[in-house]
Amino acid sequence: MEIDVRGPRFGAALTTVVLMITLVTGNGWLLAAQAVFFAVGAAAGAQNSPWGWLFRTVVRPRLGPPPATEDAAPPQFAQAVGLVFTLVGVVGYLVGPQWLGTVATAFALAAAFLNAAFAFCLGCQMYLLIKRATTAHA
């Protein structure tokens, strides 16, 4: 399945805001909400996450046709990577130690910011490297 390349970047921008607020406030429940968004994206695809739905229904109709499309699998994998980091962060913030929440959130924020600001998706790159490594040995 092909998706509009702007959708995951839009989601990354909103995720960046959520993660920055989480770092400033230390609010583990806000991070848990973002983890749910990542879980939906990991299970159903980034285009079906809450941020993907918002892009598809509100933002994309106001834009022109997509400048390009991309395979949905790498962004979906990136959602799973984000899920792992946010779950670790939730544990840190809600159970302890606090530094674990801060570090895990900072890593997720760095990845989301790279995607939002520079269209560089770390999780997508991980997906492609893993795919190359597994098909090279198959």
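A residue is called buried when its relative accessible area is under 20%, exposed when that area is over 50%, and partly exposed in between (1.4 Å probe, protein chains only). Helices (H or I, at least four residues) and strands (E, at least two) are DSSP runs, numbered from the N terminus. The model is predicted: local features need pLDDT of at least 70, side-chain atom pairs count only at pLDDT 80 or more, and totals for chains, interfaces and linings use all residues. Residues are numbered from 1 along each chain as its sequence is written, and side-chain values use heavy atoms, with hydrogens and water left out.

The table sets out two helices; the expected span of a helix is 1.5 Å times one less than its number of residues.

| Helix | Residues | Span, first to last C-alpha | Expected span |
|---|---|---|---|
| H2 | 17 residues | 24 Å | 24 Å |
| H4 | 22 residues | 31 Å | 32 Å |

In H2, the buried residues are Gly28, Leu31, Ala32, Gln34, Ala35, Phe38 and Gly41. An α-helix has 3.6 residues a turn, so residues three or four places apart point the same way. Helix H1 (6-25), H3, helix H4 (73-94) and helix H5 (98-118) are included in what covers the buried residues of H2.

The N-terminal end of H2 is capped by Asn27, with a side-chain oxygen 2.9 Å from the backbone nitrogen of Trp29. A polar contact is a pair of N or O atoms within 3.5 Å; within protein, one must be able to donate a hydrogen and the other to accept it, and residues adjacent in sequence count only if both atoms are side-chain atoms. After H2 comes Gly45, with a positive phi near 100°.

The buried residues of H4 include Pro74, Val81, Leu83, Thr86, Val90 and Tyr93. Their cover includes strand E1 (2-4), H1, H2, strand E2 (69-71), H5 and H6. Val91 also lies in H4, but Val91 is partly exposed because its relative accessible area is 42%. The C-alpha atoms of Val91 and Thr134 are separated by 32 Å, and the two residues are 43 apart along the chain.

**Loops**

Gln47 sits in the loop between helix H2 (28-44) and helix H3 (50-59). Gln47 counts as buried because its relative accessibility is 15%. Leaving out residues up to four places away in sequence, Gln47 touches Met1, Ile3, Gly52, Trp53, Arg56 and Ala72; contact means heavy atoms within 4.5 Å.

Most residues other than glycine have a negative phi, and most peptide bonds are trans. Just after H4, Gly96 has a positive phi of about 110°. The peptide bond from Gly96 to Pro97 is cis, with omega near -5°, and Pro97 belongs to the loop between H4 and H5. Ala119 is not a glycine, yet its phi is positive, about 55°. Ala119 is placed in the loop between H5 and helix H6 (122-136), and at 48% relative accessibility it counts as partly exposed.

**Packing of H1 and H5**

Two packed helices are described by the angle between their axes and the distance between the axes. For H1 and H5 the angle is about 145°, and the axes are 8 Å apart. Axes are lines fitted to C-alpha atoms, for helices over the stretch in contact, and angles run from 0 to 180 degrees between N-to-C directions. Among the residues that make this contact are Ala12, Leu19 and Leu23 of H1 and Ala108, Leu109 and Phe113 of H5.
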